[in-house]
Amino acid sequence: MAEKIIMPKAGMSMEFGTIIKWLKEVGDKVEYGEPVLEIETDKTSMQVEAMNDGYILSRLYEAGAEVPVVTTIGYIGEKGETPPAGDAPAAAAPTAAPAPAAPAAKAEPREGKNYDVVVLGGGPAGYIAAIKAARLGAKTAVVEKSALGGTCLNRGCIPTKTYLKTAEIIHETMEAKKRGVIFKDLSYTVDMKGVVAEKNGVVKKLVSGVTGLMKSNGIDVYRGEGKIQKDKTIVIDGKETVSADKVIFAGGSKVTKINIPGIESPAVMTSDDILDLEELPEKLVVIGGGVVGVEMASAFRAFGSEVTVLEMMDRIVPGMEGELSNVLKQSLKAQGIDVRNGVGILKIEQKGKKAYVHLKEGDPVEADKILLSIGRMPDLSGIEDIDVAVDERGRVKVDDGMKTNIDWIWAPGDSNGRMMLAHAAFNMAEIAAENAMGAQQTYTGKYIPSCIYTTPELASVGLKEDDAKKAHDVSIGKFFFAGNGRALASGAGDGFIKVVTDSKTGEILGVHIVGPCAAEMINEACALMTMEITAYEVPTIVHAHPSFSEALMEAVADSIGESLHLPKKR
């Protein structure tokens, strides 16, 4: 009996595939697994293999045809068998390839060197946008005022994680006695010059890697502060000029400051400054209990500083589920960190080498150094000379394709403030570059994880319980690491995984983790949710034992009352 050859659905977003060429003629013999034709999708090129032995009976579409997924494009069967006729395309002639789009009009030659795409900013959004544009065939340049890699690589994600790894080593060393490892002297000191040097070494390697990527993709890099002009030119340091048909503005972000008396005190540092501090402060006050604030508090407490965290909101890391915030607060307090919520600050007073943070209630808090960590805001210095629309919070207005109100400028990443995370910037950057080259991709931001790399780690993706309840009948699953063999064996039994599902459909709406390896496990949750795998299917996926990720599977199973490692629900 004749079997169909169909256009495969190679990805959730795939709707059509284009036949590049047939590898077999009608009448040719084929075996199971043998390539029959080559196709191209919007993401990749691939071969379609025979799903059974037989002979090619018919080819319903020829090279160049754009065919909807799961459409029959041919038949395989017994030699001489007559193929069915019902699935033939409407027209007898092979479907023609769609007419190529007219090339975008090139800009008239202007002053300086001309490019198809110039990217302003070499951070996560900038360098990824540049690479994507170059690989799509654009003559591309990047203008970067400081160092490739941006805040994330030079002053944010990577340096802080290097500090936190050092802190983790200290924590594990102090716990070694429980495992029978006896050190004669458990006292230690931290050489901040060595800590800074290790951080600088890691950063240098990664910056070198990004530099190599620019070179391998044929991207020109200009060092200096760029200013976009109305005539599609970018002036660099007021001296050199380059021009572009399309511009991707990836200016990144800068530290947010608050207007309180004494904020200019020499004791006050930003997150940019503290990572180069070569002397350990005896007393460190952190203003702001967000992601950077709690991470730096955790690191410097392990290094030996006396740390106080002052947070205006009623809980730390308010962007996370409340239950996760509470576990983290208790952990920080157990480490010896003074965490205060609902705090109002009146002023900062410098007295000699000491500084004092005056509060609306209670006594002043003494500090050698004060870390101001209240968030970041878009850096718009590159677009001051043009009329790019921004909102009341200073964020560039973009559509879902990352385009601004100016039809030749796109603005992915921190510039638009939608989600100020490096991995979100990567995603936005690819979309911006593709659209600058003529595509019509859309950013959803639906399954972008958020992570905090303290001890324990926190990670979250999707809807919080309260938000989910606004549109769904929800079911909650939870599994504590105290019941996970790998966690207990690792001395990391604190915390839990919470899963929010739709009680009717089993759709996984949100996953929230506080515990070991949370920032790694959240990626499995993202994959499950992106692939629309339901809570009923997850327990059928075999997880290695013992592993931390078993807890995720158990929490999902618990949301439908099917966790076999929890007491039966009544």
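Strand 13 and strand 14 make a hairpin with three residues between them, and Asp237 in the turn has a positive phi of about 55°. Strands (E, at least two residues) and helices (H or I, at least four) are DSSP runs numbered from the N terminus, and two strands pair if DSSP finds at least two bridges between them. This is a predicted model, in which local features need pLDDT of at least 70, side-chain atom pairs count only at pLDDT 80 or more, and totals for chains, interfaces and linings use all residues. Residues are numbered from 1 along each chain as its sequence is written, and side-chain values use heavy atoms, with hydrogens and water left out.

**Pairing of strand 14**
- Strand 13 (residues 233-236) pairs with strand 14 in the antiparallel sense over four bridges, with Ile234 as the bridge partner of Val242.
- Strand 9 (residues 113-120) runs parallel to strand 14 and is joined to it by seven bridges.
- Val247 of strand 14 is the bridge partner of Val118, and Val247 also stands opposite Ile409 in strand 25.
- Strand 25 (residues 409-410) runs parallel to strand 14, with two bridges between them.

**Cover**
- Eight of the ten residues of strand 14 (residues 240-249) are buried, that is, under 20% relative accessible area with a 1.4 Å probe and protein chains only.

**Phe183**
- Phe183 lies in the loop between helix 3 (157-174) and helix 4 (192-216).
- Phe183 counts as partly exposed because its relative accessibility is 42%, between the 20% limit for buried and the 50% limit for exposed.
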